[in-house]
Amino acid sequence: MRFLRGQNGFLMIEALIAVVIISVALVAIGSMFIQSTRANTSSVEITTATALAQKQMELLKGLPVSYWNALTPLPQPLPWQDSANPSMPITLNNVAFTVNTVAAASATDANMVQVSVTVSWRGQSIRLLSLFSKVDLKS
């Protein structure tokens, strides 16, 4: 009996409780890791879609006023980056993005054209809107 009283060790129940606590913590950390990976993937896709829409808007900004005056009838689809296809799928990072650009008459000013660039992928989409003038403001 004297031998058992003098030992300072762990009981089996204490070891089991420690294993359970560590297991719960590891499951929680694993769940957070999976959630973080999904959020990162979603962020990359949203950033890519926004960059595609911005790239299309930047191309349209460089067009002359005569281009906007010649657009009739409105609304009218516009091609992606001067291609013949107005709704061309673009695959980046194994994700298919569809870019749709539409020019419509402005509801507030007859001298303006409202352009909407919508990028869709995997059931999600983003949309950028901008107004372009039909009047040459440089003169």
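The following legends describe close-up views of a predicted model. Local features need pLDDT of at least 70 and side-chain atom pairs count only at pLDDT 80 or more, whereas totals for chains, interfaces and linings use all residues. Residues are numbered from 1 along each chain as its sequence is written, and side-chain values use heavy atoms, with hydrogens and water left out.

**View 1. The aromatic pair of W68 and F132.**
Rings of Phe, Tyr and Trp (its six-membered ring) pair if their centres lie within 6.5 Å; planes under 30 degrees apart count as stacked, over 60 as edge-to-face and the rest as tilted. By this rule there are three aromatic pairs. The ring centres of W68 and F132 are 4.6 Å apart and the planes meet at 15°, so this pair is stacked. Because W68 belongs to helix α3 (residues 65-70) and F132 to strand β5 (residues 124-133), the pair ties together parts that are 64 residues apart in sequence. Helices (H or I, at least four residues) and strands (E, at least two) are DSSP runs, numbered from the N terminus. W68 is buried, with a relative accessible area of 2%, and F132 is buried at 8%. Buried means under 20% relative accessible area, exposed over 50%, and partly exposed in between (1.4 Å probe, protein chains only). Ring pairs also join Y67 with W68 and F132 in a cluster.

**View 2. The aromatic pair of F97 and W121.**
The rings of F97 and W121 form a tilted pair, with 5.7 Å from centre to centre and 45° between the planes. F97 lies in strand β3 (residues 95-105) and W121 in strand β4, 24 residues apart. Both F97 and W121 are buried.

Strands β4 and β5 run antiparallel and are joined by 10 bridges; two strands pair if DSSP finds at least two bridges between them. V119 stands opposite I126 in β5. Two residues separate the strands of this hairpin, and R122 in the turn has a positive phi of about 40°. R122 is exposed, with a relative accessible area of 58%.

**View 3. The surroundings of S116.**
S116 is part of strand β4 (residues 112-121) and is buried at 13% relative accessible area. Leaving aside neighbours within four places in sequence, S116 is in contact with N100, T101, V102, R127, L128 and L129, where contact means heavy atoms within 4.5 Å.

**View 4. Two cis peptide bonds.**
The bond joining T72 and P73 is cis, with omega about -10°. The peptide bond from L74 to P75 is cis, with omega near 0°.
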